[in-house]
Amino acid sequence: MRYWEAREAQVTPEEAIEECRIHQIEAIVRESDSALVDVTTGEVIAHPDKYADYCGADILGYLGY
């Protein structure tokens, strides 16, 4: 996937967790609000949209792209 396509993509929780794992970041979905959270730092990576998916731009931003 190209960078701009990835920025515009909506990704499922499973896809987001896997992408973080590829970049050596352990992420989980927090039960209280379904936010994607970095386990090591406790930082919120992304908040879900109304369909419980995450914005690709949020994931890429956290990963430093």
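The sections below set out the basis of the model, the pocket and the backbone.

## Basis of the model

The model is predicted: local features need pLDDT of at least 70, side-chain atom pairs count only at pLDDT 80 or more, and totals for chains, interfaces and linings use all residues. Numbering runs from 1 along each chain as its sequence is written, and side-chain values use heavy atoms, with hydrogens and water left out.

## The largest pocket

The largest pocket holds about 180 Å³ of space. A pocket is an open set of points on a 1 Å grid over the protein atoms alone where a 1.4 Å probe fits, with protein on both sides within 12 Å along at least five of seven lines; lining residues have an atom within 4 Å of a point. The volume is the space filled by probe spheres set on the points, which are joined across faces, edges and corners.

Ten residues line this pocket, and Ala6, Val11, Glu19, Gly56 and Ile59 lie nearest its centre. Helices H2 (13–22) and H3 (56–63) each contribute at least two lining residues; helices (H or I, at least four residues) and strands (E, at least two) are DSSP runs numbered from the N terminus. The lining comprises seven nonpolar, one polar and two charged residues, where Ala, Val, Leu, Ile, Met, Phe, Trp, Tyr, Cys and Pro count as nonpolar, Asp, Glu, Lys and Arg as charged, and the others, Gly among them, as polar.

## Positive phi angles

Most residues other than glycine have a negative phi. Gln24, which is not a glycine, has a positive phi of about 60°. Gln24 sits in the loop between H2 and strand S2 (27–29) and is exposed, with a relative accessible area of 70% (exposed means over 50%, buried under 20%, partly exposed in between; 1.4 Å probe, protein chains only).

Ser34, also not a glycine, has a positive phi of about 65°. Ser34 lies in the loop between S2 and strand S3 (36–38) and is partly exposed, at a relative accessible area of 33%.
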